[in-house]
Amino acid sequence: AAAAASAAAPNAPSVRGVERPLFWIHSDKAEEVEPRTRSRANGHEAAFAAALAVYLLRQGYQPSQLAVLTPYAGQVELIGRELRAAKARGVAGASDVPVQSVLGFEGQEADVVVLSLVRSDGGGSLGPLQADRCAVVSLSRARQGLYVIGNATLFRGASRLWEDVAARLDQQRRAGSEQGAVGDWLALSATRSDTGRPALARSAADFEGVAGN
């Protein structure tokens with residue numbers, strides 16, 4: 001928890017294209033079972049994580065500076081599929097972004113980490129992220145920015161460690177704002193090309209039509 005909170009300290013490096021260096025995007029979209037791996041996955045989170053990684057590439061990051069992490073092989077499969085599709089659409093480097101299991105990335109770091117939690121079935125189980133070791137590894141791989149996508153309500157209610165993480169993020173309020181670093185929308189440092197308004201993202205589709213994207 002302390003490692004996660006430190007990324008949001010006032011002296012934390014900024015992340016290009018995103019308003020905050022640390023944010024938990026709450027999503028309660030249903031999980032599923034990925035057929036090939038027979039492992040848990042979450043299509044909404046996979047699409048969002050891949051779209052955020054593509055957006056960061058378009059801000060000038062290299063694939064090696066990014067990592068997308070998740071505790072499940074099924075989710076690794078889905079995210080990798082999304083990134084390969086982005087490459088087929090002409091996004092240079094998309095398929096080169098590392099996508100790994102949380103514990104498979106232990107001992108490594110990236111400038112910006114996107115973490116997909118997956119679980120959202122309402123049963124209260126967090127899977128591997130229930131274990132403190134896995135949770136701490138997932139939260140401590142980022143040098144500059146960490147973006148968590150997942151069910152904040154479920155995780156807060158099922159684990160003291162995750163409740164502590166969320167509480168610390170709630171305290172990360174910016175000047176002129178009552179919102180902490182947990183919410184339904186990720187604020188981008190960009191505007192929507194159709195409206196000229198500040199860009200907010202809660203789904204993969206929200207990264208489309210963003211000026212400079």
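This is a predicted model: local features need pLDDT of at least 70, side-chain atom pairs count only at pLDDT 80 or more; totals for chains, interfaces and linings use all residues.
Residues are numbered from 1 along each chain as its sequence is written, and side-chain values use heavy atoms, with hydrogens and water left out.

Let's begin with β6, residues 110-116. Strands here are DSSP E runs of at least two residues and helices are H or I runs of at least four, numbered from the N terminus. For β6, 7 of its 7 residues are buried, and buried means under 20% relative accessible area, with exposed over 50% and partly exposed in between, using a 1.4 Å probe and protein chains only.

Now, who are its partners? On pairing, DSSP has to find at least two bridges between two strands. β4, residues 66-70, pairs with β6 in the parallel sense over 4 bridges, and there you'll see A67 opposite V113. β7, residues 142-150, also runs parallel to β6, joined by 6 bridges, with V112 standing opposite G145. To get from β6 to β7 the chain goes through α4, residues 132-139, in a right-handed β-α-β crossover; that is, with the strands pointing away from you, the path from the first strand over the helix to the second runs clockwise.

So what does α4 pack on? Its axis comes within 10 Å of that of α6, residues 160-170, and they cross at roughly 25 degrees. Axes are lines fitted to C-alpha atoms, for helices over the stretch in contact, and angles run from 0 to 180 degrees between N-to-C directions. That makes the two helices roughly parallel, the word for angles under 35 degrees. Contact means heavy atoms within 4.5 Å, and D132, A135, V136, S138 and L139 in α4 meet L161, W162 and V165 in α6.

Next, the loop between β6 and α4, where L117 sits. L117 counts as buried because its relative accessibility is 0%. Beyond its neighbours within four places in sequence, L117 touches, among others, W24, E45, P71, Y72, F155 and W162. S27 is 90 residues away from L117 in sequence, yet the C-alpha atoms are 9.8 Å apart.

V118 is in that loop too, with a positive phi of about 80 degrees although it is not a glycine. V118 is buried, at 0%. R38 has a positive phi as well, near 55 degrees, but R38 is exposed at 75%, in the loop between β2 and β3.

How values were computed. Angles under 35 degrees count as roughly parallel, over 145 as roughly antiparallel, 65 to 115 as roughly perpendicular and the rest as oblique.
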